[in-house]
Amino acid sequence: MQGSDNFYGPISYKWIWLLFGLICVFLIVLMYFLIFFVTRKKVIKNLATLKQLPPKIINKDELKQKYLALITQAENEHAQGLSKSSVAHQQISLLTRLFFCELHNIRTDVMTLGDLKKSRFADLTSMIEEFYPSEFDMLEKGNVSESAANAKNLIGAQ
């Protein structure tokens with residue numbers, strides 16, 4: 001094209017300007033997609049959306065033997081005078097809860113007595129209820145052997 005010295009026709013522009021323009025358009029489109037996806041509501045995970053884990057195979061007999069041995073150990077430590085009665089009761093209570101936790105995959109080890117009463121484990125609840133008088137104060141006079149026998153019977157019945 002003829003005319004002013006400052007005017008150049010579209011043919012004489014460099015290809016770099018075309019590339020620069022395409023990159024700008026791409027960045028603008030990318031920015032809109034990012035804004036769209038960042039501001040979308042996230043799907044809240046719940047039981048319906050979580051994938052199911054494969055069932056965990058538990059050997060009941062080995063689990064029973066493990067916890068019966070641990071309860072016997074806690075009972076023997078008390079009999080030898082290595083632990084106080086309240087500590088032995090606490091250990092027996094925790095070991096029984098952990099047995100149910102591993103057996104049924106329910107966090108019974110962190111449940112309060114009120115939570116246990118609402119659960120389906122009535123026999124565990126009644127046994128744990130024995131350990132609650134005055135927050136273990138009265139248990140210094142309690143019988144650890146009897147409590148251990150109750151825990152062993154409960155575990156053996158499962």
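User: How many aromatic pairs does the structure hold?
Analyst: This is a predicted model. Rings count as a pair if their centres lie within 6.5 Å. On that basis, the number of aromatic pairs in the structure is four.

User: What kind of pair do the rings of phenylalanine 36 and phenylalanine 37 form?
Analyst: The ring centres of phenylalanine 36 and phenylalanine 37 are 5.2 Å apart, and their planes stand at 75°. Planes over 60 degrees apart count as edge-to-face. The pair is therefore edge-to-face.

User: Are phenylalanine 36 and phenylalanine 37 buried, partly exposed or exposed?
Analyst: Phenylalanine 36 has a relative accessible area of 46%. Phenylalanine 37 also has a relative accessible area of 46%. Buried means under 20% and exposed means over 50%, so phenylalanine 36 is partly exposed and phenylalanine 37 is partly exposed.

User: Which residues form one aromatic cluster?
Analyst: Phenylalanine 36 and phenylalanine 37 make an edge-to-face pair. The cluster holds both of them along with one further phenylalanine. Its members are Phe33, Phe36 and Phe37.

User: What kind of pair do tyrosine 67 and phenylalanine 99 form, and how many residues apart are they?
Analyst: The ring centres of tyrosine 67 and phenylalanine 99 lie 5.8 Å apart with planes at 70°, so this pair is edge-to-face. The pair links distant parts of the chain, with tyrosine 67 in helix H2 (residues 60-79) and phenylalanine 99 in helix H3 (residues 85-104).

User: Are tyrosine 67 and phenylalanine 99 buried or exposed?
Analyst: The relative accessible area of tyrosine 67 is 3%, and that of phenylalanine 99 is 0%. The limit for buried is under 20%. Therefore tyrosine 67 is buried, and phenylalanine 99 is buried.

User: Which residue has its backbone oxygen 2.7 Å from a polar atom of the side chain of threonine 96?
Analyst: Threonine 96 is found in helix H3. Threonine 96 counts as buried because its relative accessibility is 0%. The backbone oxygen at 2.7 Å from a polar atom of its side chain belongs to isoleucine 92.

User: Which residues does threonine 96 touch, not counting residues up to four places away in sequence?
Analyst: Contact means heavy atoms within 4.5 Å. With residues up to four places away in sequence left out, threonine 96 touches Ile71, Leu124, Met127, Ala151 and Leu154.

User: How many salt bridges does the structure hold, and which residues form a salt bridge?
Analyst: Side chains of opposite charge can pair when their charged atoms come close. The structure holds one salt bridge. Its closest N and O atoms are 3.2 Å apart, and the residues are lysine 66 and glutamate 102.

User: How many residues apart in sequence are the parts tied together by lysine 66 and glutamate 102?
Analyst: Lysine 66 is partly exposed at 41% relative accessibility, and glutamate 102 is partly exposed at 29%. Lysine 66 lies in helix H2 and glutamate 102 in helix H3, so the pair ties together parts whose separation in sequence is 36 residues.

User: Which residues make the nonpolar surface patch of about 1100 Å²?
Analyst: One of them, isoleucine 16, lies in helix H1 (residues 15-38). Isoleucine 16 is exposed because its relative accessible area is 54%. The patch is made by Ile16, Trp17, Leu19, Phe20, Ile23, Phe26, Leu27, Leu30, Leu34 and Val38.

User: How far apart in space are asparagine 105 and lysine 56, C-alpha to C-alpha?
Analyst: Asparagine 105 lies in the loop between H3 and helix H4 (113-118). Asparagine 105 counts as exposed, with 56% relative accessibility. In sequence, asparagine 105 and lysine 56 are 49 residues apart; in space, their C-alpha to C-alpha distance is 9.0 Å.

User: What pattern does the protein chain follow along the sequence?
Analyst: The secondary structure comes to six helices and zero strands. Read along the sequence, the pattern is α-α-α-α-α-α.

User: What share of the residues of the protein chain count as buried?
Analyst: The accessible surface of the chain comes to about 12300 Å², and carbon and sulfur atoms account for 62% of that surface. Among the 158 residues of the chain, the share that counts as buried is 23%.

Notes:
Residues are numbered from 1 along each chain as its sequence is written. This is a predicted model: local features need pLDDT of at least 70, side-chain atom pairs count only at pLDDT 80 or more; totals for chains, interfaces and linings use all residues. Side-chain values use heavy atoms; hydrogens and water are left out. Patches are made of residues with over 30% relative accessible area and no salt bridge: like charges are joined within 9 Å, nonpolar side chains (Val, Leu, Ile, Met, Phe, Trp, Tyr) within 5 Å. Accessible areas come from the Shrake-Rupley method with a 1.4 Å probe; for residues, only the protein chains shown count as cover. A salt bridge is a side-chain nitrogen of Lys or Arg within 4 Å of a carboxyl oxygen of Asp or Glu. Helices (H or I, at least four residues) and strands (E, at least two) are DSSP runs, numbered from the N terminus. Buried means under 20% relative accessible area, exposed over 50%, partly exposed in between (1.4 Å probe, protein chains only). Rings of Phe, Tyr and Trp (its six-membered ring) pair if their centres lie within 6.5 Å; planes under 30 degrees apart count as stacked, over 60 as edge-to-face and the rest as tilted. A polar contact is a pair of N or O atoms within 3.5 Å; within protein, one must be able to donate a hydrogen and the other to accept it, and residues adjacent in sequence count only if both atoms are side-chain atoms.
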